[in-house]
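Before reading on, please take a moment with the sequence and the fold shown here.

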Amino acid sequence: MRPLQISPETAVTLSKQLGVPLEQLMHMPQHILMQKIAELAKNAEAKAAKQDDESPSSENS
């Protein structure tokens, strides 16, 4: 299996966000990496939606 074809900057960022060592990330199967990226996006979207829900109520106080 060949290493992922991503830039060094992307690899470092993903490594930090996923909490996995860089070497492990580079040798991670692509389908697993895509699944983890989807989970990150889902969590970020949920967090943003939660912040949007909280913002209007704090402005009315």
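A residue is called buried when its relative accessible area is under 20%, exposed when it is over 50%, and partly exposed in between, with a 1.4 Å probe and protein chains only. By that criterion, buried residues make up 15% of the 61 residues in the chain. This is a predicted model, in which local features need pLDDT of at least 70 and side-chain atom pairs count only at pLDDT 80 or more, while totals for chains, interfaces and linings use all residues. Residues are numbered from 1 along each chain as its sequence is written, and side-chain values use heavy atoms, with hydrogens and water left out.

The chain has three helices and zero strands, where helices (H or I, at least four residues) and strands (E, at least two) are DSSP runs numbered from the N terminus. Along the sequence, this gives the pattern α-α-α.

In soluble globular proteins, nonpolar side chains tend to be buried together. A nonpolar core is here a set of buried Ala, Val, Leu, Ile, Met, Phe, Trp, Tyr and Cys residues joined through side-chain atoms within 4.5 Å. The largest such core has eight residues, namely Leu4, Ala11, Leu14, Val20, Leu25, Met26, Met28 and Leu33. Helix 1 (8-18) and helix 2 (22-26) each supply at least two residues of this core. Met28, once its neighbours within four places in sequence are set aside, is in contact (heavy atoms within 4.5 Å) with Leu4, Val20, Leu33 and Lys36.

Helix 1 itself has Ala11, Leu14 and Ser15 as its buried residues. Seen down the helix axis, these buried residues fall within an arc of 105°, so they line one face of helix 1; the arc is that of the directions from the helix axis to the C-beta atoms. On the other side of helix 1, Glu9, Lys16 and Gln17 are exposed. Gly19 follows helix 1 and has a positive phi, near 70°.

What is the relative accessibility of Ser15, and does the residue count as buried or exposed? Ser15 counts as buried because its relative accessibility is 11%. A polar atom of the Ser15 side chain lies 2.5 Å from the backbone oxygen of Val20. Apart from neighbours within four places in sequence, Ser15 is in contact with Val20, Pro21, Leu22 and Leu25.

Key
A polar contact is a pair of N or O atoms within 3.5 Å; within protein, one must be able to donate a hydrogen and the other to accept it, and residues adjacent in sequence count only if both atoms are side-chain atoms.
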